[in-house]
Amino acid sequence: MNMFCYHLPCSMDEAVALRAQFGNSCVAVAGGTDIVPALHERQVCPEHVMDISKISEFKGISVQDGYLKIGSLTTFTELQNEPLICQHAQALYEAACSVGSPQIRNLGTLGGNIANASVAADSIAPLMSLDAELTLVSMLGLRNMAVCDFFAGERATALREHELIRDIRIPCSKMAQASTYVKLAKRKALAIVVLGLAIMLRCDDDGICTDARVVLGAVSRFPRRIINAEQMLIGQPVGEKAFDACIPVLSETVKQLIPNRASVGYKSESVRGAAKQAFNQIISALL
C-alpha cells in the first residue's frame, strides 16, 4: 500500500471543499469494502483518502415531497431493516438482502456501491428499475441525475472530480406498484452476481400495466433497461400471458449483449428461470 494523506471531514461543506482542492488525487471512503482491498493491492494509489463516514448530511432514510430519500452513507443492513424500503422499493430491499456477508452489509454503503460502478454491483439494476435519481454535491451546488444516465461503462461514471453523491431519491408512486430483484450466483454464500434481473410494474384499477421497467445486470459493462421488453408489457393485463411472451425477448437480449462470451449459453437460458421467478413475485404483489 502506498502512503497517502488521510482526511476526516465532519460536514458536507468540509468534504466538498477537500474534493475541490484535491480532485481526482483524492479518493472518498465510506464503508471501505471496495476501496480498502484496492488500496492493499495497489489497484488505486491516491495521494489523499477522505473518510466521509461521519457526515450526517449523507445519512438517513425518509419520505420527502413524494420521494423516498436515502442518504448515500446508508448501509445495506440499514436498507434491510427500514420498513420504508419494503414499502416503496421492494427491489432494492431484495438486493440489499443478497449483498455479500453480514459483515459486508454492515459496512458497505449504497452510495459506495453506486460510485464503484462494478459490473456486479447489486443495487444498480433495482435503482434503475425504480427510476431513482442521484443528488450530486460540490462547491458549485447540487446536481441531479437519473441513475440510468450515471454509468458510462465498468468502473466509469458521470461523477465529476469535484463531486460526491449526497443522496438517492426514488419516486413514491400513487398507483399500484410492485418491484422485485432476482439474482443468480454460483453459490449462496458471499456470491458475486452472475446475472441480475430487476423488474418494476405499475397497473391501474383494472389490472392493466401502465408502466414497466425491466433491467438486466451482469450481462454488459453496466446494467441496462430492456426497452422492447417493457413495451411488450405496457397496456397488457398483468398476468402470466403477457409475462410468458416477454421471457424469450430477455433470453434473446442476453445473446445479443454477450454473443462471444463463454457464459452466453448459460445466461441466455438461466434468465428464463430468473424472469419466471420475478414475474411470479410481481403477480403475487399486484393481484
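A: Begin with the surface. The protein chain exposes about 13,200 Å², and carbon and sulfur atoms supply 50% of that area. Keep in mind that this is a predicted model.

Q: What share of the residues in the protein chain is buried?
A: Buried residues make up 51% of the 287 residues. The cut-off for buried is under 20% relative accessible area.

Q: How many helices and strands does the protein chain have?
A: The chain has 11 helices and 14 strands. Its radius of gyration is 19 Å, close to the 19 Å from the globule rule for 287 residues, so the chain is as compact as a globular protein of that length. Along the principal axes, the C-alpha trace spans about 60 × 45 × 30 Å.

Q: How do I read side chains along a strand?
A: In a regular strand the side chains alternate between the two faces of the sheet. Then check the cover. In β13, eight of the nine residues are buried, so call the strand mostly covered.

Q: Which strands pair with β13, and over how many bridges?
A: Take each partner in turn. β12 (residues 195–203) pairs with β13 in the antiparallel sense over eight bridges. R202 stands opposite D211 in β13. On the other pairing, β13 (residues 209–217) and β14 are antiparallel over two bridges. There, L216 stands opposite R224 in β14.

Q: How many residues lie between the strands of each hairpin here?
A: The β12 and β13 hairpin has five residues between its strands, and G207 in the turn has a positive phi of about 80 degrees. The β13 and β14 hairpin has six residues between its strands. In that turn, A218 has a positive phi of about 70 degrees.

Q: Which strands does β6 join by bridges?
A: Count the bridges for each partner. Six bridges join β6 to β7 (residues 141–146), and the two run antiparallel. Five bridges join β6 to β10 (residues 164–171), also antiparallel. Then find the facing residues. E133 stands opposite R169 in β10, while the bridge partner of S138 in β7 is G141.

Q: How covered is β6 (residues 133–138)?
A: Mostly covered: five of the six residues in β6 are buried.

Q: Where is M139, and is it buried or exposed?
A: M139 sits in the loop between β6 and β7. Those strands form a hairpin with two residues between them. M139 is exposed, because its relative accessible area is 54% and the cut-off is over 50%.

Q: What does M139 touch?
A: Skip residues up to four places away in sequence. M139 then touches V16, A17 and A20. Also compare sequence with space. M139 and E163 are 24 residues apart in sequence, and 8.0 Å apart from C-alpha to C-alpha.

Q: Let me try a helix residue. Where is A242, and is it buried or exposed?
A: A242 is in helix α10 (residues 240–257). A242 is buried, because its relative accessible area is 12% and the cut-off is under 20%. Leaving out residues up to four places away in sequence, A242 touches L233, Q236 and P237.

Q: Which residues of helix α5 are buried?
A: In α5 (residues 90–98), the buried residues are A91, L92, E94, A95 and A96.

Methods. Residues numbered from 1 in each chain as written. Heavy atoms only, no water. Buried < 20%, exposed > 50% of the residue type's maximum accessible area, 1.4 Å probe, protein only. Helix = DSSP H or I, 4+ residues; strand = E, 2+ residues; numbered from the N terminus. Pairing = 2+ DSSP bridges. Rg over C-alpha atoms; globule rule 2.2 N^0.38 Å. Areas by Shrake-Rupley, 256 points an atom, 1.4 Å probe, with all protein chains shown as cover. Contact = heavy atoms within 4.5 Å.
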